[in-house]
Each structure stands twice: as C-alpha cells, then as structure tokens.
Amino acid sequence: MKDIIEVMIADDHILMREGIKQLLEFDGNIRVIAEAGNGSECLEKLKVFHPDVLLLDINMPEINGMEVLKKVKADKVDSKILMLTVHNEVEYLIRALDIGVDGYIMKDSESSELKKAIYMILDGKRYIQPNLIPELNAKLASMDVERDKLRFLTKREKEVLVQVASGMSNKEIAINLDISERTVKNHISNIFKKIDVSDRTQAAVFAIKNNMVKV
C-alpha cells in the first residue's frame, strides 16, 4: 500500500466535503486531491486526478452516485469506490453491490471506521458497514427464496406471468399466445399457487422483483 493514500470526495454539500477532508487528513496518511459537487464534475475530475479511492455520495445533482458508480465500473477505472451515504435501506446497498461497489458506509460513521473502510478496500477486500450486514443477509436469503419459486414455473407459465405483469387481460393474453381464455385462467391459477400470491398485482410485483419485466 502507498505511503500516502490519495482520495477524491464527491458530495454536493460543501460542509460535508470539508469535514470529511479534515478528518481524513488529520493523521497525515491520507490526502484529499480533488472534490466534486455533482456527478458530472465527478466523472470529469476522475479523468484528471486518478485517486486511489473515490468517496461517493448517492444523492447528487445532474448524475446521481449510482449512475456514476455504473459508469466508473463500465469504464474499468482503477480507483476504488466507497459509497458514503445517508441511505441505510438495504435496497440501495444491494444495488451498489450488484454494480460492483468496493465499500459502503454511512455518513454518521466515526472517522476511524471510515479510515478502516478505505484501508480495507485498498487491500482488495470489500467493506460493508457491520450494522447493515444482518439486514443484507436476510434480504438476500429472501431473494433466493423468490428466485427458487421461478424454477417451478413452466416456460408457458412464465410467458403468461410476463403478460399479466404488463397489465394484459386474460382475453389479450389468449390472443397473444394463441390459446383459449380457459387455458389462460388455468395457467394463472397454477402461477398463483407456485409463487404464493393471491392476485394479479402481487404476481406483477413478483415478476418485477425477479427482473421478468421492466418498469
């Protein structure tokens, strides 16, 4: 690891950036080499400064942090990305992990934890704030159960479910798939049983969660 770690801070609040900079530079091992107040500025400055670590907020003007993360990972930028956010909802964390974030930490963390996260991701490890991990594990387990339900659907049932989730009536589905309305009703009844839902709205939510349809 380098003697001096170079960091860039992307956050739309000036006071937040100044506070983080003071905390990080206090012991002399970390130097903040650039700051950005929005997503567009962040992407432009990354091309110039090439920091070891980018501290990235989610809520930013022009381009939000998730989109910046997606762009940085797609471009295979060498900088490690540490999300520094107010969002403790596990959905944000899962999305960031899916895109490939190196670390995820809350803004109310102590400076020692922030520095620990920086050192860990530079060492090739992934850092997730410890108090977020139990909910993350529970959510991932729940998602696995949902995905398992998909295995029990036939190819035709999946086709019907996609059209149900798209808001089509039984008659429209029957025409699209060239089958009878009675057959459509039977398929829908079987789908409801297999994915454990009781109406079309719940079935649509299931399809959306499992990326069967776009919203």
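1. Basis. Residues are numbered from 1 along each chain as its sequence is written, and side-chain values use heavy atoms, with hydrogens and water left out. In this predicted model, local features need pLDDT of at least 70 and side-chain atom pairs count only at pLDDT 80 or more, while totals for chains, interfaces and linings use all residues.

2. Largest core. A nonpolar core is a set of buried Ala, Val, Leu, Ile, Met, Phe, Trp, Tyr and Cys residues joined through side-chain atoms within 4.5 Å; buried means under 20% relative accessible area (1.4 Å probe, protein chains only). The largest has 30 residues, and Cys-42, Leu-54, Leu-56, Leu-69, Met-83 and Tyr-104 touch the most other members. Elements that each supply at least two residues of this core include β1 (5–10), β2 (30–36), α2 (39–49) and α4 (90–99). Helix α4 gives the most, with six residues. Helices (H or I, at least four residues) and strands (E, at least two) are DSSP runs, numbered from the N terminus.

3. Helix α7. Within α7 (residues 155–165), Glu-157, Val-160, Leu-161, Gln-163, Val-164 and Ala-165 are buried. Their cover includes α8 (170–177), α9 (181–195) and α10 (200–209). After α7 comes Gly-167, with a positive phi near 90°.

4. Ring and charge. The charged end of Arg-151 sits over the ring of Phe-152, 5.2 Å from its centre (the criterion is NZ of Lys or CZ of Arg within 6 Å of the ring centre and within 35 degrees of the ring normal).

Terms used. Buried means under 20% relative accessible area, exposed over 50%, partly exposed in between (1.4 Å probe, protein chains only). Contact means heavy atoms within 4.5 Å.
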